[in-house]
Amino acid sequence: EGQGIDLPHTPPTSAEPVAGRQPHFGRPGMDKYRRVEKVKEALVKDDDEIRVTSMGSVSAYVSRAATVFKELEKSQVVIKATGNALTKAVTLAEVIKRRFKDLHQITTLSTTEIVDEYEPLEEGLDKVTDTRTVSVIEIKLSKEALDTSDKGYQAPIDESLVKEVDAEALTKPRGRGRGGGKGRGKGKGKGKGKGKGKGWGKGWGCGWMWQSEGASGPDLPRERVGEEKIKGSVLEWKEAYGWLKTEEEIDHPAAQLRDGRVYIHQKDVVGEEKSLQPGAQVRFYLYEDPSGLGAEELEVES
């Protein structure tokens, strides 16, 4: 059997071929390979540690933070995440800071290498290995003072931004995704048949790791929230940007920022006329970025 060779490009992410057909990875020859599943190691976590995944619930993580601070009487929580869960980890940190007063923060970014191995589905082919670099984030939120000289340090936010609630309230469902909360399957005849929620509640970020990249305004990294356009009106317009108010209340962690207003830049206005008149009725897709909620593909209703 031949020795392993290095894979020069990004490998497939599918672990096994689909039953009845070979996988297709978009690269010549890779339909003849499948990724070797790794044995998952048992993770040992400290009591104050919260490991965030891209599929995890922010509200569940916040409930865990309440347990750490109140029941376990710990002075800090440490949030950890890798890869595409980084944004959700930052989301979680911002929500926790708005639920518990006087939390100092230190954010640390690093990378780790992950080696994937692919075995051939046909005889005569060599094994293929690929080493990929994954981003890692660790966010420490502490009731005790932290090192202010650390480049990732953030002082506690103003107490006026903090809305403390008891642990029981934090465990109540927030109505995100399917089957709960502000689903369109209730009330005004906008039902989708299965009570499919508006989809608010994906991760949003805020902090030095994004700001240090120099992006701002409409150039910040963004992710669309929900699958349908929503209605709103123009509150204010300046030379190149303005603020919107949504017709319906938005149940999303980022809605706490900007006093519930939605940011709009002229780049995201459809049509030749890029200026908006206060009071105008509009429709748009909602997105989230490190600063809060914004509007894209905005159309003025006639």
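A salt bridge, as used in this talk, is a side-chain nitrogen of Lys or Arg within 4 Å of a carboxyl oxygen of Asp or Glu. By that criterion, the side chains of Glu299 and Lys229 form a salt bridge, with an N to O distance of 2.7 Å. Before I continue, please note that this is a predicted model, in which local features need pLDDT of at least 70 and side-chain atom pairs count only at pLDDT 80 or more, while totals for chains, interfaces and linings use all residues. Residues are numbered from 1 along each chain as its sequence is written, and side-chain values use heavy atoms, with hydrogens and water left out.

Let me begin with the overall composition. The protein chain comprises 4 helices and 12 strands; helices (H or I, at least four residues) and strands (E, at least two) are DSSP runs, numbered from the N terminus. Of its 302 residues, 40% count as buried. Buried means under 20% relative accessible area, exposed means over 50%, and partly exposed lies in between, with a 1.4 Å probe and protein chains only. Contact means heavy atoms within 4.5 Å. Among contacts between residues at least 6 apart in sequence, 69% join residues at least 24 apart.

I return now to Lys229. Lys229 is buried at a relative accessible area of 18%, whereas Glu299 is partly exposed at 33%. The side chain of Lys229 also has a polar atom 2.8 Å from the backbone oxygen of Glu297.

Asp116 forms a salt bridge with Arg132, the closest N and O atoms being 2.6 Å apart. Because Asp116 lies in strand S5 and Arg132 in strand S6, this pair ties together parts that are 16 residues apart in sequence. Asp116 is buried, at 3% relative accessibility, and Arg132 is partly exposed, at 33%. The other pair is Arg51 and Glu49, whose side chains meet at 2.5 Å, N to O. Here Glu49 is buried at 5%, while Arg51 is partly exposed at 34%.

Asp48 sits in the loop between strand S2 (33–35) and strand S3 (49–51). Its side chain makes a polar contact of 3.2 Å with that of Gln76. A polar contact is a pair of N or O atoms within 3.5 Å; within protein, one must be able to donate a hydrogen and the other to accept it, and residues adjacent in sequence count only if both atoms are side-chain atoms. Beyond its neighbours within four places in sequence, Asp48 is in contact with Val68, Gln76, Val77 and Val78.

Next, the strand pairing. Two strands pair if DSSP finds at least two bridges between them. Strand S6 (residues 128–142) pairs in the antiparallel sense with strand S4 (residues 76–82) over 7 bridges, and Thr82 has Val136 in S6 as its bridge partner. S6 is also joined to strand S5 (residues 104–120) by 15 bridges, again antiparallel. Within S5, Thr107 is buried at 2%, and its side chain makes a polar contact of 2.9 Å with the side chain of Gln105.

I turn to the nonpolar cores. Such a core is a set of buried Ala, Val, Leu, Ile, Met, Phe, Trp, Tyr and Cys residues joined through side-chain atoms within 4.5 Å. The largest has 25 residues, of which Val52, Ile79, Leu92, Ile96 and Leu141 touch the most other members. Helix H1 (58–71), S4, helix H2 (86–97) and S6 each give two or more residues to this core. A second, separate core of 18 residues includes Leu244, Ile264, Val269 and Leu286.

Finally, two backbone details. Most residues other than glycine have a negative phi. Glu73, in the loop between H1 and S4, has a positive phi near 55° and is exposed at 66%. Asp102, in the loop between H2 and S5, has a positive phi near 60° and is partly exposed at 40%.
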